[in-house]
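Please open the structure in your viewer and keep the selection tool at hand.

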Amino acid sequence: MKLGSLKEGGRDGTLVVVSRDLTHAVRAVGIAATLQAALDDWSNAAPRLNALSDELHAGTAPGRFALDLDTLAAPLPRAYEFVDGSAYLPHVERVRKARGAEVPASFYTDPLMYQATSAGFLGPRDPVVVPSEEFGIDLEAEVLVVTDDVPMGVTPAQASQHIQLVGLVNDVSLRGLIPGELAKGFGFLQSKPRSALSPVLVTPDELADAWQGDKLHLPMRTWLNGKWFGEAECGVDMQFSFAELVAHVAKTRPLTAGTLVGSGTIANQDTGKGASCLAEQRTVETLRDGAPSTPFLHFGDTVRIEITDARGQSIFGAIEQVIAPLAQ
């Protein structure tokens with residue numbers, strides 16, 4: 001099934017079940033008011049939401065309506081926790097090579113992750129508002145999963161059973177602020193504003209054969225200002241599966257239902273696939289030409305992030321955003 005949240009009913013939106021072609025929806029009346037409420041009681045809510053999804057596709061769901069994707073908030077407008085990884089080592093290797101640094105051996109056996117911003121997520125059509133272009137505005141096209149309650153100390157095999165939803169995220173980064181923050185040795189803060197989620201999140205069974213080994217095996221397609229930017233394969237060169245990432249986070253703490261776990265920027269060894277963030281493209285240009293030629297984002301630029309199935313049907317809906325200045 002596919003789940004989204006309307007921009008109504010308060011900060012956490014109103015939960016809707018969405019049709020596979022993203023054209024119709026129905027409010028989950030009597031099941032759960034919000035997606036977070038459904039995740040809090042997933043074992044009971046999921047079967048009922050699945051039944052409602054069946055009714056929606058049969059055309060018998062009471063309250064079925066035509067869906068305008070512009071009316072959707074992020075599926076989880078705010079979440080208890082968002083942890084993001086960097087599971088695609090080609091990205092890490094290139095960035096470090098460009099500045100003459102080696103990749104630590106531990107990166108190949110121990111996931112690189114950080115605590116991200118979760119107090120609010122941008123909707124899939126909301127603008128990315130930034131105070132200044134000088135901050136080095138960048139997109140990062142990623143896959144993420146959402147868990148139910150995860151016990152502390154789970155194995156990857158056990159963690160796999162707690163992955164309930166899959167979606168996309170534009171993990172916005174301000175590249176100009178990152179070096180100074182990392183130099184302090186305490187991680188990201190100002191350089192990581194709010195991220196945007198795809199219009200819907202889907203259960204892994206919706207992905208059929210494209211979901212194998214707790215990885216999504218489809219290309220991540222990105223466009224800048226309507227021009228093709230990349231289509232890196234999500235299932236290729238991913239050093240750690242989502243089950244391994246979830247288990248890594250839960251090593252010393254349980255995870256609350258509604259925890260989001262990101263893959264990090266999708267990147268392949270094959271640079272002919274393009275890139276999923278500007279920093280990646282600029283690194284490729286630096287290694288090839290001695291200097292980057294692709295600029296970071298400017299106000300008025302547009303970003304589109306999407307994954308389609310084998311028939312060309314959008315799975316999660318597209319993240320489509322414009323970069324906008326902070327109103328004075």
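**Cysteines**

A search of the whole structure finds 0 disulfides, a disulfide being a pair of cysteine sulfur atoms within 2.5 Å. Select C234, which is in no disulfide; the nearest cysteine sulfur, that of C277, is 13 Å away. C234 counts as buried because its relative accessibility is 1%. (Buried means under 20% relative accessible area, exposed over 50%, and partly exposed in between, with a 1.4 Å probe and protein chains only.) Select C277 next: this residue is also buried, with a relative accessible area of 0%.

**About the model**

This is a predicted model, in which local features need pLDDT of at least 70 and side-chain atom pairs count only at pLDDT 80 or more, while totals for chains, interfaces and linings use all residues. Residues are numbered from 1 along each chain as its sequence is written, and side-chain values use heavy atoms, with hydrogens and water left out.

**Helix α6**

Now select residues 242-249, which form helix α6. Helices (H or I, at least four residues) and strands (E, at least two) are DSSP runs, numbered from the N terminus. How many of the 8 residues of α6 are buried? The number is 6, so the helix is described as mostly covered. The buried residues are F242, A243, L245, V246, A247 and V249.

**Lysine K192**

Finally, select K192 in the loop between α5 (178-183) and β13 (196-197). K192 counts as buried because its relative accessibility is 8%. The side chain of K192 makes a polar contact with the side chain of S173, at 2.5 Å. A polar contact is a pair of N or O atoms within 3.5 Å; within protein, one must be able to donate a hydrogen and the other to accept it, and residues adjacent in sequence count only if both atoms are side-chain atoms.
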